[in-house]
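Hi,

Here is the structure I promised to pass on to you. Have it open while you read, and follow along with my notes below.

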Amino acid sequence: MLDDKKREAIEIMRDCNQLVSRTLAEVASLIEPGVTTLELDQKAEQFIRDNGAEPGFKGYSGFPKTLCTSVNSQVVHGIPSEYVLKEGDIISVDCGVKMKGYYGDTAYTFAVGEIDRHVAELLRITYEALYKGIEQAVTGRRVGDIGYAVQKHAEGAGFAVVREMVGHGIGANLHEDPEVPNYGKRGRGPLLKEGMVLCIEPMINLGGRAIVQEADGWTIRTRDNRPSAHYELAVAVTGSFADILSTFEYIEKVLIIKNNGLPWQNRKP
Ligand code: MG
Ligand code: MG
């Protein structure tokens with residue numbers, strides 16, 4: 001059983017992650033050809049502050065912005081800029097907030113207009129892999145069970161798993177133990193215990209798994225410059241099911257109205 005303090009912490013983190021989820025829905029409503037990633041960032045920061053929270057990433061280890069916006073071959077940690085989104089791009093938008101002493105952290109990869117059908121498949125498989133991982137986030141399983149499930153789904157579809165960047169615990173700090181790799185062996189790694197809160201976030205590449213860091217000291221991109229996808233949800237480990245603290249529901253309501261479908265449904269024939 002959870003003590004009251006732990007239970008309260010989880011409920012605050014649910015509020016944090018629900019706010020991140022609603023912030024990403026605001027961002028979703030703006031994503032289209034011609035918009036800069038900086039405009040997305042400004043909208044997100046304003047929305048977070050209007051809701052009584054602080055951006056979780058801004059100032060974290062010196063990161064300069066509210067969102068990480070990672071386009072096409074960029075995997076994660078892209079810095080919002082004057083880059084103008086164009087038809088056929090994909091963009092991972094990763095957002096964090098801090099509220100009442102706790103963090104939320106969630107990410108979604110969007111399609112800008114119509115995308116290549118192979119890239120669409122990459123998005124769909126990465127999204128599914130996230131939920132395969134979440135299914136394993138229950139008491140008594142191990143971190144390796146999560147990684148194994150993600151890796152099996154991604155590699156089974158012919159895609160590559162980024163190894164160097166991983167999911168993580170979250171709480172009063174943005175990144176806490178344990179690390180949650182997107183690869184692994186069943187039954188290995190730290191034991192999952194009731195009340196642990198984890199961010200599960202597969203980063204999956206269309207080409208090879210190798211990554212490099214760009215000269216800005218932040219942006220991670222694929223070495224072969226082929227596209228990469230990234231979805232992230234925060235979950236609390238409970239006895240029988242993973243309690244998902246963030247949600248894609250708000251984002252997807254926007255996308256279905258605006259784009260007539262989810263990202264991988266907006267593809268060229
Ligand atoms: Mg994140
Ligand atoms: Mg994260």
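K58 is partly exposed, with a relative accessible area of 37%. Keep in mind as you look around that this is a predicted model. The side chain of K58 makes a salt bridge with E45, and the closest N and O atoms are 2.9 Å apart. This pair links distant parts of the chain: K58 sits in the loop between strand 1 (54-55) and strand 2 (67-71), while E45 belongs to helix 2 (residues 37-50), 13 residues apart. Is E45 buried or exposed? E45 counts as buried, because its relative accessibility is 16% and the cut-off for buried is under 20%.

That is one salt bridge, but how many does the structure hold? There are ten. Another one brings together the side chains of R14 and E11, at 2.9 Å from N to O. Both residues lie in helix 1 (residues 4-30), three residues apart, which is about one turn of the helix. R14 is partly exposed, at 22% relative accessible area, and E11 is partly exposed too, at 37%. These two are also part of a network of salt bridges that links E11, R14 and D243.

Helix 3 packs with helix 4 (residues 143-156) at an angle of about 155 degrees, and their axes are 8 Å apart. That angle makes helix 3 roughly antiparallel to helix 4, because angles over 145 degrees count as such. Helix 3 passes helix 4 in a right-handed crossing. Which residues meet there? From helix 3 they are I125, E128, A129, K132 and G133, and from helix 4 they are I146, A149, V150, H153 and A154.

Five strands form an open sheet in the order 8-7-9-14-15, with antiparallel pairing. Strand 8 (176-180) and strand 15 (242-244) are its edge strands, each pairing on one side only. On average, neighbouring strands of this sheet are turned by 30 degrees against each other, direction ignored. Within the sheet, strand 9 (residues 197-200) and strand 14 (residues 233-237) run antiparallel and are joined by four bridges; for example, I200 has L233 in strand 14 as its bridge partner. Helix 3 packs on this sheet, touching strand 9, strand 14 and strand 15, and its direction makes about 15 degrees with that of strand 14. Helix 4 packs on the sheet as well, touching strand 8 and strand 9, at about 35 degrees to the direction of strand 8.

There is also an open sheet of three strands, in the order 6-10-13, again with antiparallel pairing. Its edges are strand 6 (160-161) and strand 13 (228-230), each of which pairs on one side only. Three bridges connect strand 10 (residues 203-205) with strand 13, and M203 stands opposite H230 in strand 13. Helix 3 (residues 117-135) packs on this sheet too, touching strand 10 and strand 13, and its direction makes about 35 degrees with that of strand 13.

Enjoy exploring, and write back with any questions!

Best wishes

Terms used:
Residues are numbered from 1 along each chain as its sequence is written. Chains are lettered from A and ligands numbered from 1 in the order in which they are written. This is a predicted model: local features need pLDDT of at least 70, side-chain atom pairs count only at pLDDT 80 or more; totals for chains, interfaces and linings use all residues. Side-chain values use heavy atoms; hydrogens and water are left out. Two strands pair if DSSP finds at least two bridges between them. Helices (H or I, at least four residues) and strands (E, at least two) are DSSP runs, numbered from the N terminus. Contact means heavy atoms within 4.5 Å. Axes are lines fitted to C-alpha atoms, for helices over the stretch in contact, and angles run from 0 to 180 degrees between N-to-C directions. A salt bridge is a side-chain nitrogen of Lys or Arg within 4 Å of a carboxyl oxygen of Asp or Glu. Buried means under 20% relative accessible area, exposed over 50%, partly exposed in between (1.4 Å probe, protein chains only). Angles under 35 degrees count as roughly parallel, over 145 as roughly antiparallel, 65 to 115 as roughly perpendicular and the rest as oblique. A crossing is left-handed if the near helix is turned anticlockwise from the far one by less than a right angle, and right-handed if clockwise.
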